[in-house]
Amino acid sequence: MYQSAMNNDAMTTNLSPNQSLDTDSSAQESPMPNEVLNNNELPDNQPMMSEQVHDDALDNEELLIDDGNDLNDSDIDDNDIDDSDMDGDDDEAPVAGQAVPVIVDMTHVVTEDQAGLRIDKVASQAFSDFSRVQLQNWITDGSLLYNGSVQKPKVRVKADDVLHLSTTLQQHGEDQPENIDIDVVYEDDDVLVINKPVGMVVHPGAGNQNGTLVNALLYHYPQQHHLPRAGLVHRIDKDTSGLLLIGKTKPAQMALMEQLKDKSVYRHYKCVVAGDQASLSRHRRIDAPIGRHRNQRTKMTVMTAGREAVTHLLNVTPLNENYCLLDVGLETGRTHQIRVHLSHITYPLVGDRVYGGRRQLRSGLTEAQRQAINNFPRQALHAYTLGFVHPTTGEDIEVTTPLPEDMQKLMAVLSDGYYEE
């Protein structure tokens, strides 16, 4: 998908052994109260086939990322998450809550329509808030009984047979709903796409217990309280704006996280960087592993022992002789990936105090342009396109959102007079 966007003379940028960059990401889980769940109640943040997939995704990239001030793809609060950027930039990690036991006690009587199906198939229909793999494990270990006895998942059921699920989950304290406006750009019964503004942390974490997107989702979509992180599939840094994908049901969230893992979800970002068109065009594919900085634990860096990280520069548009607007695609999603990779090739994002520093200031700037760069309060990074396969219909969905006003103003100042003859 990215190869066709490259020029024939485009070069791949690989890791230089002595070069490194930093970012930070820390993922934690959210808390929730003791309660007994019956057939009409849903557990919060319940573990499942995919809790690991969910954490990997969030930590991977964009899934949650922090671009500069926050940490991680898993750091949103300067120290906590990063979108991993899926865009590789900003994620925020949730703060670990104290685990408390939640008792699950549910019963289902097999219907005529379900007669002849496997136990695990019927269980996945009856107890749809849990993954099929988790249910299969519970059938095997005796937590889910068939007519009062332990059976294999493949056994066929008959009408009026009884499935009884009884187990205890270690849950975490529940985040509180807050009446915070959110910008919904796509919604149906299964999926939600939000355009996150600059300054909003994705989910509660160290120093950010309130005012997050998760708090807002719990207010506007209270039925999602039982989903891990209110249905979040990935995340981006507090100071990165743009699109976030959210599952409205447990099956949808799990399916979307699997897509993220197998790279069928794609995310494109736009960013303003300090670099000329010719130089940036030589780095159409940046392939350099990323890991946590050995000494500055809140930063990420390019290192040989890091995790695979690949970023594609899909389009390079000059704003003037030394600054460009980039269209960036992520093949992987590591914490602060975009910011780290661009800094690694010496062309940092404007506004990136963590990975950019004084390298953001290039020669030939007018005083107005210098002030615009110095005063830009965040990394100039926006997740503008999000594509995925609908978890229920199988339809290819693509959502886009325009650049925020602050980036448009920055671009106008940098390009002032450049295209005039």
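## A short tour of one predicted model

Residues are numbered from 1 along each chain as its sequence is written, and side-chain values use heavy atoms, with hydrogens and water left out. Helices (H or I, at least four residues) and strands (E, at least two) are DSSP runs, numbered from the N terminus.

**Helix α3**

- Helix α3 spans residues 132–141, and Q134, L135, W138 and I139 are buried in it (under 20% relative accessible area, where exposed is over 50% and partly exposed lies in between, with a 1.4 Å probe and protein chains only).
- Viewed down the axis of α3, these buried residues fall within an arc of 140 degrees, so they line one face of the helix; the arc is taken from the directions from the helix axis to the C-beta atoms.
- As a reminder, an α-helix has 3.6 residues a turn, so residues three or four places apart point the same way.
- On the face of α3 turned away from the buried side you will find the exposed residues T140 and D141.

**The β8–β9 hairpin**

- Strands β8 (residues 184–187) and β9 (residues 191–196) run antiparallel and are joined by three bridges; two strands pair if DSSP finds at least two bridges between them.
- Three residues sit between β8 and β9, and the two strands form a hairpin.
- Across this pairing, Y186 stands opposite V193 in β9.

- The loop between α4 (213–220) and β10 (241–247) holds D237, which counts as buried because its relative accessibility is 0%.
- Q379 belongs to the loop between α8 (367–375) and β17 (381–389), and it is buried because its relative accessibility is 0%.
- The side chains of Q379 and T240 make a polar contact at 3.2 Å (a pair of N or O atoms within 3.5 Å; within protein, one must be able to donate a hydrogen and the other to accept it, and residues adjacent in sequence count only if both atoms are side-chain atoms).

**Cysteines**

- A disulfide is a pair of cysteine sulfur atoms within 2.5 Å, and by this rule the count is zero.
- C271 is buried, with a relative accessible area of 0%.
- C324 counts as buried, at 0% relative accessibility.

How values were computed: Predicted model: local features only at pLDDT ≥ 70, side-chain atom pairs only at ≥ 80, totals over all residues.
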